Amino acid sequence: MSGNQATPTKPKTVRIQKHVPRIRDTDFPKSIFESARNAILGDPNKKWGPFAKYVRAAKKQELWEEWAISDVVDAEPYDSDDGLDNILNERSGRRGRSRRAYRMVEEIRQDIRPARIDFADLLGHVSHPSDYSDDFYKRHFRQLYSNTVQFAKKWFDGQLNLSRLEGRNREHNRIWSLELTPQFIEYAGLVAHDDLHFQGWPTTLNDSVHRRWLVVGILAQIMEKKIFNQLFFGADDDIADELERQDLKWIREEGYGRKITRSTIARYGLGGRLLPRKFWPEVDDLTAQSVKVFLPLVNALKAVRDMSSDDFSIGMFTQELHAIMSYAGMLQICMTVSPSIFHILSATPGARMDYSMEQQSDMRLYRESKDHWEEEDKVWANHVNAAMQGQDFDINSDEPIQVPRNQTERRQMEYHRIRGAKVRYAVFPKVTRYRPENVGKGKALTDTSTSRQGISDWEAVQPDTEGQSIIDISPCMVVYYQGLIYPEEGLIDAITLEEHRETLPKDPNGLVGMVGWLLSALFSFARKAFWHIFVISMAVLLVYSLSAGVDYLRHLFLYELVMLLWMGFIVYLLATAYYERKDFLSARLVIAVPALIFYIYGLVYMSGRGDDALTIWDILPSRLGGRTA
């Protein structure tokens, strides 16, 4: 570096992570038959993306076992009935009789089916009280968040960095070429944001800590959409229908009245029980769906991580996920039977920080991003200073640095380079409770004498004033990154996950895969170009038909005018009726079918002009005025 002295920088935050094992120990040569099969039918391991070599090596060593949700179903010792059988009592009895410390691993060995939390024992009562305290919700939501983080840390973290899956000198951004489920990709796009040119989408899966918070955010989204946003999780069909009907009927009414009605219906539906009848079947179904969402990533991690102990099995994975979902379901029921209104709000990835409602789940990731971009700003400032003074400045950067022509342009550039904390991961939603106070007492008059005595108006009228209390039950948990606050117009500082996946190479897998890829590409092109070709073809056909069918049009006007007017009136009435009912398909068919009939009749007329030519009356049915034999 010349022209400027290097300035000392503060040490960067360094996180120590383990890397995956070297590929040299897992590289097995392919036989002629395997190479021929892969060339024709495709490599079955290619779906694992950068994990393919590790999966193949595990298969060669007979160590590979791909988990599936069917493993849990097939291993069940007996079938359940309505979800309220004696499994829970039987397991509780086993725990009570045993003097040894309880271990879930031993229970999974005896019965792989997920055990059910005894919420009566956890809450200390068998039915719901009139309402729950704020501390109750705060304590249990804090525990739910903690359980979710521990689950993600155990199964998806492992301090394992995946950036060298394909070797040191290979691109490590192919991690998203792993065949993940569409639901996983959709949820990942909802909870994560790109930090372009530093820790982009590859880091989200490669880095163990980033991977952990991504999974926590996905689980939180599943709980929010599938549990917390329900009117009554696990309710019977008749109760659920009644709640839906009441909610739609009184949607324009004041919120607390609707909530009290909903809580009353929910309590009737419970019938004095703690959980609705369909609670456990709903939890089982949601757990099975959630297991399917994460299984491709879990199986891939199994290929590069030691999960041979008893604490790692498909049964344990399902059990721990089942416990999280049932815990969230229990909290939703407690919120449903409460007369209070609960608002669930998740952060928006890429949005600027809002410290009034957000808390950081992990400050280390924000410090890493902040340190990186502060260093980039120093390099930029030193380069600009040297360039504007006519000095040389060596810079190691992949991107060219634009030098401002004057101080005004420099200030404008500095303005667009301002960075601040923005949401990288929406980890856990914020839960706010709105509790009505002094219902039915109305608004009290303000006593001005109390103000003279130094007492606030609100303190004076609070016991006799109808209002509400707003309580923050759970903060909005996020992970920040240092993002641009005022980016230049047209500047791309982040891309979506789908856009990133589109940049990944899509190599055909074998001859069959190549043919399939070619057919898919042709079909995609034909589908996109269909309407363009169709409209152009119809326009050409219409022009040709009008020029070639002058005699037919003259015939219609001279001999079929009454028929045209009559059918036009009927078609108008039918099409209008369907449009008013918003049945657009039927309306289009009512218009298209008569037009098609007249077009076919024109073809027949033009091909058989003469004394024996057909007329429209010969084509129509007799009940519509057509001729009979």
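**Core packing and helix contacts**

In this predicted model, Trp176 is in contact, neighbours within four places in sequence being left aside, with Phe184, Ala188, Trp201, Pro202, Thr204, Leu205, Leu214, Leu497, His500, Arg501 and Leu504. Together with Phe294, Trp176 has the most contacts inside the largest nonpolar core, a set of 103 residues. The greatest contribution to this core comes from helix α14, spanning residues 314-336, which supplies 13 residues. In soluble globular proteins, nonpolar side chains tend to be buried together.

The packing of helix α11 (residues 237-249) with helix α12 (residues 255-270) is described by an angle of about 170° and by axes that lie 10 Å apart. Because roughly antiparallel refers to angles over 145 degrees, α11 and α12 are roughly antiparallel to each other. On the α11 side, the contact involves Ile239, Glu242, Leu243, Gln246 and Asp247, which meet Arg258, Thr261, Arg262, Ile265 and Gly269 of α12. By class, the residues of this contact of α11 with α12 comprise three nonpolar, three polar and four charged.

Just after α2, the backbone at Glu62 adopts a positive phi of about 60°.

Technical notes:
Residues numbered from 1 in each chain as written. Predicted model: local features only at pLDDT ≥ 70, side-chain atom pairs only at ≥ 80, totals over all residues. Heavy atoms only, no water. Helix = DSSP H or I, 4+ residues; strand = E, 2+ residues; numbered from the N terminus. Axes fitted to C-alpha atoms, helices over the stretch in contact; angles between N-to-C directions. Parallel < 35°, antiparallel > 145°, perpendicular 65-115°, else oblique. Contact = heavy atoms within 4.5 Å. Nonpolar A, V, L, I, M, F, W, Y, C, P; charged D, E, K, R; others polar. Core = buried A, V, L, I, M, F, W, Y, C linked by side-chain atoms within 4.5 Å. Buried < 20%, exposed > 50% of the residue type's maximum accessible area, 1.4 Å probe, protein only.
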